Amino acid sequence: MDPPDVLAPPTQMRRRRSCSKVEGIYIFTIFLTILSLLKLEPVARNSVLNLNDNSNPNIDLPLQESNNDLSRITTEKKKSEKKLRPCYITIENKADYHYEVIESAIMQFPLLWDTFNCSKEDTIADVALAQQHRWAKNELEPWQNYFETHLAGTTRPRTNGDGAVIHFGSIQNYMNYSRAYDAYIGVSCDSFDWLGQLSKGPNQYCVLHGTVDKKIMQGRKKSLWEQHKERVCWVSPMHPCYFIPSDLPQFKPENFRKGDKLRLCLKASTPTTSLRYVDEGVKRLQQSGEPNIEIITMGRLMPIMSEAFPSISHLVTQGYEPDYYKFEEMMSKCHVLLPLIHPWEEPGKKYFPWSGAGKLSGYMSQAIGLKLPLLVQEEIKELYKEHLVDAPVWSYTTQNMSDTRSFVDAFGAMMKELPGYLVNTSAE
């Protein structure tokens, strides 16, 4: 009898079916894994690729393309910026004075740069000096020599902080310019028809030295004034737009030692009525012995102090120097400036806000630009206080010619404190 067919046990059959299911699950899992890898974000794939390898054009690298686009836009922007030409400005001084304002006009006059379509970081500044002028003082050649010796060919940022960088150019003839300019800045406009100058075009600018006549601001020329006033600036803080002409030649201070003679500088043109204040101050010092001072009257006028006040005439010397640069060097050696500007005196009234004249005293710009100590009337100190930050200032009040007490007190305080300041600054 043949043996019966051998049948696998039921449990063995179940195991085989179970294996088939597991294998299917493995295969399905592998398939899902591959599919998952194919759907990874480009950033993840880029992280495992060499981003500098562009040999395979079929690889999608959006991150690299984004970086390349940004780099290309930045490069194009820089190229576009580089295409801007330099800005060209010229300072016109059509009179034989106001030379002390020229350098400051270059460095500070507020210009409408955005209308120029040029690179203010690369500005060429030329100067056109007087060809036909009035009241000649023979100051042209000395200032031109200063420009050509100390400024031409030099470069420095504007001192008003507007981001412009000035390359000092050359002396020009305003009757025959060698080129066109983005801005023509007149520093002696109010000696001529300055409204007519401004009317020549939007590239014309004017520096004014006093208040605009009410006949202009309110009369038939009012419309012209309104049209052009944004291109006008003054040299005194009594006006809405102003700059202090304080960009002057700079000099190394002399060493001062205890016991050295003090040099007190004042204007040779100071009226006798104001010089009396100094006489009173010195007399107070003389009560304790002869003061170790030298009173220097700065300017071309012969000193009248020695004649008017013989008791102190032996202390007075004249300081006159026609050369611009040498004059500034002489001024820088003053230990203190005494403008002697007084509201009760006719020549002094124009320097006070209430007078309406709106004038600047040259001694104020000298004190600020050369960083010199100052003894000045209280209202003037208050007017310029924002700029009087680099050296000590003593002030006094006065109501009339005989009201000298406050000045004498301030003069005495100055004489006590000034030597210590000079010694300390010499040691720095």
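Predicted model: local features only at pLDDT ≥ 70, side-chain atom pairs only at ≥ 80, totals over all residues.
C233 comes out buried at 0% relative accessibility, while C241 is partly exposed at 22%.

Counting bonded cysteines along the chain, I get the pattern 1-2, 3-4, 5-6, 7-8.

Then I went to C189 and C206, which are joined with an S to S distance of 2.1 Å. The torsion there is about -80°, so I noted this disulfide as left-handed too. C189 is in the loop between β5 and α6, and C206 is in strand β6, 17 residues apart. C189 is buried at 7%, and C206 is buried at 0%.

C265 and C334 were my next stop, with S to S 2.0 Å. This link is left-handed, with -90° about the S-S bond. C265 lies in strand β8 and C334 in the loop between α11 and β11, so the pair ties together parts 69 residues apart in sequence.

I moved on to the second largest pocket, whose volume is about 470 Å³. Of its 22 lining residues, P253, E254, S332, K371 and L372 are the closest to the centre. Helix α15 gives the most to the lining, four residues. I sorted the lining into nine nonpolar, five polar and eight charged residues.

Last, I traced β12, helix α14 and β13, which make a right-handed β-α-β unit. β12 and β13 pair in the parallel sense over four bridges. On β13, W394 and Y396 form the covered face, and V393 and S395 the uncovered one.

Notes. Residues numbered from 1 in each chain as written. Heavy atoms only, no water. 1 Å grid on protein atoms, 1.4 Å probe; cavity = no way out; pocket = protein on both sides within 12 Å on 5 of 7 lines; lining within 4 Å. Points joined across faces, edges and corners; volume = space filled by probe spheres on them. Helix = DSSP H or I, 4+ residues; strand = E, 2+ residues; numbered from the N terminus. Nonpolar A, V, L, I, M, F, W, Y, C, P; charged D, E, K, R; others polar. Buried < 20%, exposed > 50% of the residue type's maximum accessible area, 1.4 Å probe, protein only. Pairing = 2+ DSSP bridges. Right-handed = clockwise from strand over helix to strand, strands pointing away. Disulfide = S-S within 2.5 Å.
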